Amino acid sequence: MKQKLYHITFRLISAMFSNPHINLSPKPYLSYLVSSLLTFLIKENKDYNPLEHVQLAATVLSKALLKWATPTNQLRSDI
């Protein structure tokens with residue numbers, strides 16, 4: 001159940017990053033989403049083998065940084 005919840009959460013965050021109708025440039029929203037991905041990537045989780053979820057979270061984070069990181073919001077330096 002936990003695995004499915006993580007998978008759905010990553011897909012939802014990914015959809016938000018790729019949706020052209022959502023403006024994530026206000027930094028608090030963008031920072032919260034990126035922070036949630038980083039928290040998962042860094043957090044030690046002993047309940048199951050999170051390798052596939054780590055790969056998915058890293059891919060979503062990479063795409064988010066490529067699309068949304070700018071010198072103005074300094075998102076890359078926050079990571």
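Which element of the protein has the lowest mean pLDDT, and which the highest? The structure shown above is a predicted model, and the predictor's confidence in each residue is given by its pLDDT, on a scale from 0 to 100. Helix α4, residues 75–78, has the lowest mean value, 68, whereas α1 has the highest, 84. Over the protein, the average pLDDT is 78, and 84% of the residues score at least 70.

The overall plan may be considered next. The protein contains four helices and zero strands, and reading along the sequence gives the pattern α-α-α-α. Of its 79 residues, 33% count as buried. The protein exposes about 5,500 Å², of which carbon and sulfur atoms supply 60%.

The helices can now be taken in order. Helix α1 has 17 residues, and the distance from its first C-alpha to its last is 24 Å, close to the 24 Å expected at 1.5 Å a residue. Which residues of α1 are buried? They are Y6, F10, I13 and F17. These four residues cover an arc of only 65° around the axis, and therefore they lie on the same side of α1. The face of α1 turned away from this buried side carries the exposed residues K4, L5 and L12. The cover over the buried residues of α1 includes α2 and α3.

Helix α2 has 16 residues, which should span 22 Å at 1.5 Å a residue; its end C-alpha atoms are 22 Å apart, in agreement with that expectation. The buried residues of α2 are L30, S31, L33, V34, L37, L38 and F40. P28 also belongs to helix α2, but P28 is partly exposed, with a relative accessible area of 42%. Although P28 and N73 are 45 residues apart in sequence, their C-alpha atoms are 9.8 Å apart in space.

Helix α3 has 18 residues and reaches 25 Å from its first C-alpha to its last, close to the expected 26 Å. Its buried residues are H53, L56, A57, V60, L61, A64, L65 and W68. Seen down the axis of α3, these buried residues fall within an arc of 165°, so they line one face of the helix. On the other side of α3, the residues L51, E52, K63 and L66 are exposed.

E52 and H7 are 45 residues apart in sequence, and the distance between their C-alpha atoms is 9.1 Å. K67, also in helix α3, is partly exposed, with a relative accessible area of 45%. The C-alpha atoms of K67 and S18 are separated by 8.5 Å, although these residues are 49 residues apart along the chain. When residues up to four places away in sequence are not counted, K67 touches F17, S18 and N19.

The interior remains to be described. In soluble globular proteins, nonpolar side chains tend to be buried together. How many residues does the largest nonpolar core of this protein have? That core has 20 residues, and those with the most contacts inside it are F10, F17 and L37. The elements that give two or more residues to this core are α1 (2–18), α2 (27–42) and α3 (51–68). Among the contributors, α3 gives the most, with seven residues.

Which residues does F10 contact, leaving aside its neighbours within four places in sequence? They are L37, F40, H53, L56, A57 and V60.

Conventions:
Residues numbered from 1 in each chain as written. Predicted model: local features only at pLDDT ≥ 70, side-chain atom pairs only at ≥ 80, totals over all residues. Heavy atoms only, no water. Core = buried A, V, L, I, M, F, W, Y, C linked by side-chain atoms within 4.5 Å. Buried < 20%, exposed > 50% of the residue type's maximum accessible area, 1.4 Å probe, protein only. Contact = heavy atoms within 4.5 Å. Areas by Shrake-Rupley, 256 points an atom, 1.4 Å probe, with all protein chains shown as cover. Expected span 1.5 Å × (residues − 1). Arc of directions from axis to C-beta.
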